[in-house]
Amino acid sequence: MFLTKAVARQEFLEARGARPRADGLLASAQQVLPDVYRIALYVSMGPEPQTGALIDWLLATHHEVLLPILYADNDLGWGVAPGAADLVPGRLGLSEPPIDLGSDAIATAELVICPAVAVARDGVRLGRGGGSYDRALARVRPGTPVWAAVYDTEIVDTLPHDEHDKPVDAALTPNRLVPLSTAGVA
């Protein structure tokens with residue numbers, strides 16, 4: 001068990017950084033994607049599980065993809081993905097859609113796939129520490145599936161968490177979808 005979120009985050013990020021290469025989520029997502037139209041996703045960076053091919057495939061198969069826009073206060077707005085070539089530079093080196101639909105647009109998603117550093121089997125999601133996704137996930141419609149994108153080694157039994165942390169329903173890895181139990185997690 002990790003004593004603090006900061007220690008857990010540091011350990012997982014160091015292990016992720018030592019990975020030989022980042023694997024993509026396309027193959028596993030193709031096998032488990034529910035019948036939905038609008039999906040909130042993110043543009044991966046560095047050693048995160050790669051989302052580029054997944055975004056391209058979703059757009060090619062006539063899905064609508066919402067991508068985040070990072071605001072100065074670390075909250076997230078959302079815009080429709082126009083295609084990877086049409087993304088614009090955003091804050092902190094992120095690639096973002098050019099048109100902002102606002103922070104509440106995530107409530108229109110039928111599936112949310114969010115980044116995570118690690119997840120616990122009880123649905124606790126460990127993010128990078130800015131709180132952006134906890135705020136965004138609070139706006140997701142009840143009943144909308146929320147998946148955290150991680151590697152298999154980043155699914156653990158327990159993680160430290162705070163009351164404001166929003167749980168996730170499953171972990172999407174490059175190899176599989178792992179359902180998580182969110183019973184008892186606020």
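Me: Which residues of S2 point one way and which the other way, and are they buried or exposed?

Reply: This is a predicted model, where local features need pLDDT of at least 70, side-chain atom pairs count only at pLDDT 80 or more, and totals for chains, interfaces and linings use all residues. Residues are numbered from 1 along each chain as its sequence is written, and side-chain values use heavy atoms, leaving out hydrogens and water. Strands (DSSP E runs of at least two residues) and helices (H or I, at least four) are numbered from the N terminus. Glu 64, Leu 66, Pro 68 and Leu 70 point one way from S2, Val 65, Leu 67 and Ile 69 point the other way, and all are buried (under 20% relative accessible area with a 1.4 Å probe, protein chains only; exposed is over 50%, partly exposed in between).

Me: In which sense do S1 and S2 pair?

Reply: Strands pair if DSSP finds at least two bridges between them. S1 (residues 38-40) and S2 are joined over three bridges, with Ile 39 standing opposite Val 65 in S2. The sense of this pairing is parallel.

Me: Which residue in S3 is the bridge partner of Leu 70?

Reply: S2 and S3 run antiparallel and are joined by five bridges. They form a hairpin with five residues between them. In S3, the partner of Leu 70 is Leu 76.

Me: What is the relative accessible area of Asn 74?

Reply: Asn 74 lies in the loop between S2 and S3 (76-80). Its phi is positive, near 75 degrees. Asn 74 is partly exposed, because its relative accessible area is 26%.
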